[in-house]
Amino acid sequence: MIKNYLKIAWRNLRKNRLYSIINIGGLGIGMAISFMLLLYVYNEFSFDKFNTNNDRLYRVLRNQPSNGDIITNSATPVPLAPALIKDFPEIDNVARANWADENLINYNNKALKIRTMAADPSLLNMFSFNFVYGSKQNALSDISSIVLTQSGAKAIFGDVNPVGQIVKFNNQYPLKVSAVISDNPSNSSFDFKALISWQTLSAEEKWIKDSGWGNYSFFTYVMLKPGASLDALKPKLASVVAKYDPHNKENKLFLYPYAKFHLYSDFKNGVNTGGSIEYVRLFLMLAIGILLIACINFMNLSTARSERRSREVGVRKAIGARRFSLILQFMGESLLMAFTAFLFSLILMVILIPVFSNIINIKLSIPYQNVFAWLSALGVTLLTGLLAGSYPALFLSSFSPVKVLKGQIVNAKSSVAPRKILVILQFSFAICLIISSTFIYKQINYIKNKPVGYNRNGLVEMPVEGSMVKRFENFRQDAINAGAITEGAMTSGSITNNGSSSWGITWQGQLPGEDKLPIDQIAVTYHFINTYGLKLAEGRDFSVEYPSDSAAIILNQAAVKLMRFKEPLGQIVKFQDKNCKVVGVVENFVWGSPYEPVKPAIIGFIKDWTGSIALRLNPSKPITGSLATLQTIYKKYNPDYPFEYKFTDESFARKFNQEKLLGTMAAGFTGLAVVISCLGLFALASFSAEQRKKEIGIRKVLGASAGSLWFNLSQEFIRLVMVSFLIGSAVSLYYMHQWLAHFTYHTDLSPWVFLVTMIISLTICLITVSWQAVKAALSNPVHSLKSE
């Protein structure tokens, strides 16, 4: 019996090749895209949860009052870690760490930039690292030790065991490779390829050793003892800063679950408001939605061909077949097609996952060894087959043998109505995606085109490394003389990232509590304004002609407003523990998030605080030629370091990565949803034409033209699309209004987007339906009426 069912199923697939390909292909594509999205969702939900001590790991966060609000961030002071171990017996271990950054590692005259992080040795005991060579007990016990990941070790040493080998760190410090660990998983917050001890970092950066409670620049991780109560620890931890740094007692520390921070990192007034979890939930809904419309499409295509098999059902029932056996047969065929589609989806995933990984910048792979993943995928496939095959099976098996053999199947209206509802659901989903992706791109372009307050074009930035700290002025002058640049300046950091702020700043007329406000800061040397193309509102830039500029600052307009200076030039502001004179005011420029109002900022003249070089390329010279000239001059003054640079406009564009990812994925899935929905509409048009072939024949005999028949068949589908448009527009309007409300600066909900979407939807509908409508209108009425 089963063999017979398989034969019949195979014959039907071969007989209707086009429909079989569309049916299996549509479901397979939907499953592949859905499974890839679910892989991404699983990757995000499992982020940082692989650590053995996951339930005991926390990161220290800080709440700081600021102008009526509370700012939450993860920067903490250096002395915090030893204070926590000393004062809180509930804490098992503490580790400090810095931001991982590129550092030069030299071995046998082979120099490479390796992403390096510094941390206390206790980090290796708190988090789960797989040691390939060496042991964690001795890995960072020596100040001259360095731990490499497998990819880092291979880049430097090849495929040999490097333990015991000596490398030169930043061309100064000899370090011995003490261990090699497996690469950090792609779903880990740690992305370093080399790990050095905190003592090594303190020896290299002298200021860190003497850093006090007022310098919030590093991460602090905590592991509680088993059974320790977080609620009991919370009030005691909040008073740590008040105990050791009474001047900043407003800063309140608290512990936040380490693995939770990746998805729930947004805070407003000290309360968590979500984070990237919103995007993960969106992609989860997309995965479910795409799978559902693929199933709907499968159901519509299957029932659209039902009349071709109606006589088979009638004959089977006439010779004694029970309805249950027919349901089993048709359900079996549905499951066979579903599992065929599943195999096709696996092939597609193998092909598409590298592309998808490149788009989302996350390394994903099919979890071949994960039994749970396979069982889940097979379960989803089984459920898909049952769900997609249930309606066709029940519909086909319900045919009355007497009516079927007479050529009377079912009432056309009653059989078409359920499929109309399914098509409306499909197109509503597709229209919602079209409108939403349009507004996402509209928002990105709106923000990108807002003035940023400086000239990004032709501006490059590079790190201050090696000899450039002392020889920058020679490098700058040679580059100007060679015509490669028009100006250059040294700063404490990139203008695209406000990575530093300070408080304890005082000025005349200050209100109580304003000295506690954190104000953004950037340290610069000469030529800063001309290099970046900032606009001076008042005063001047720092200049060698004014020796007193060592105690001078420049404010942006937001800072002038905060300090309520009517005549800011000449005002004295206490900044970095010295009285500084305001010599200039610049117009506001975008330094932090482009979605938020510009914050007050102080530009201070501090020669010893440098981390970045900005260069304004000569606009009259080709960029490639200027960069080649710069590289030659750079190697002259800093031969041990590679010439590396970033275009500022590209760095600024990275601020929109998350929104661009959302837009790209939304656009891609919109196209997919439209295609699948069109297949469903095509199936319904086919079914409708099949049901109405005798009506069409009679109309043609009575003189109806092909155009009127085409319009008669198409108008019902236009109505369906209009209903879908109304539903999809209402849903997208609600959610886009909610999404745009997150941004201080946002685009408007333009009516033209809805109008264009309606036109596109109707055009797609007519193109999809017209083939079947024209085919039916041009058919010979003799064939449909000969039985009458």
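Asn 171 is found in the loop between β8 (166-169) and β9 (173-181), where strands are DSSP runs of E with at least two residues, helices are runs of H or I with at least four, and both are numbered from the N terminus. Its phi is near 60°, a positive value in a residue other than glycine. Asn 171 counts as partly exposed because its relative accessibility is 25%, given that buried means under 20% relative accessible area, exposed over 50% and partly exposed in between, with a 1.4 Å probe and protein chains only.

This is a predicted model, in which local features need pLDDT of at least 70 and side-chain atom pairs count only at pLDDT 80 or more, while totals for chains, interfaces and linings use all residues. Residues are numbered from 1 along each chain as its sequence is written, and side-chain values use heavy atoms, with hydrogens and water left out.

- Asp 577 is found in the loop between β22 (572-575) and β23 (578-586), and it has a positive phi of about 65° although it is not a glycine.
- At 73% relative accessibility, Asp 577 counts as exposed.
- As background, most residues other than glycine have a negative phi.

**The chain as a whole**

- The chain holds 25 helices and 26 strands, and buried residues make up 51% of its 788 residues.
- Among contacts between residues at least 6 apart in sequence, 79% join residues at least 24 apart, a contact meaning heavy atoms within 4.5 Å.
- The accessible surface of the chain comes to about 36900 Å², of which 58% belongs to carbon and sulfur atoms; such areas come from the Shrake-Rupley method with a 1.4 Å probe, and for residues only the protein chains shown count as cover.

**Helix packing**

- The axes of helix α2 (residues 17-45) and helix α12 (residues 323-360) come within 7 Å and cross at roughly 45°, where axes are lines fitted to C-alpha atoms, for helices over the stretch in contact, and angles run from 0 to 180 degrees between N-to-C directions.
- α2 and α12 are therefore oblique to each other, since angles under 35 degrees count as roughly parallel, over 145 as roughly antiparallel, 65 to 115 as roughly perpendicular and the rest as oblique.
- The residues of the contact of α2 with α12 divide into 22 nonpolar, five polar and no charged, with Ala, Val, Leu, Ile, Met, Phe, Trp, Tyr, Cys and Pro counted as nonpolar, Asp, Glu, Lys and Arg as charged, and the others, Gly among them, as polar.
- Helix α16 (residues 468-481) and helix α19 (residues 623-637) pack at an angle of about 145°, with their axes 10 Å apart.
- The contact of α16 with α19 has seven nonpolar, one polar and three charged residues, including Arg 471 and Asp 478 of α16 and Lys 636 of α19.

**Individual residues and their contacts**

- Gln 443 lies in helix α15 (residues 412-448) and counts as buried at 0% relative accessibility; apart from residues up to four places away in sequence, Gln 443 touches residues including Tyr 595, Trp 739 and His 746.
- Pro 642 is found in the loop between α19 and β26 (646-647) and is partly exposed, with a relative accessible area of 25%.
- The C-alpha atoms of Pro 642 and Lys 113 are separated by 8.2 Å, with the two residues 529 apart along the chain.
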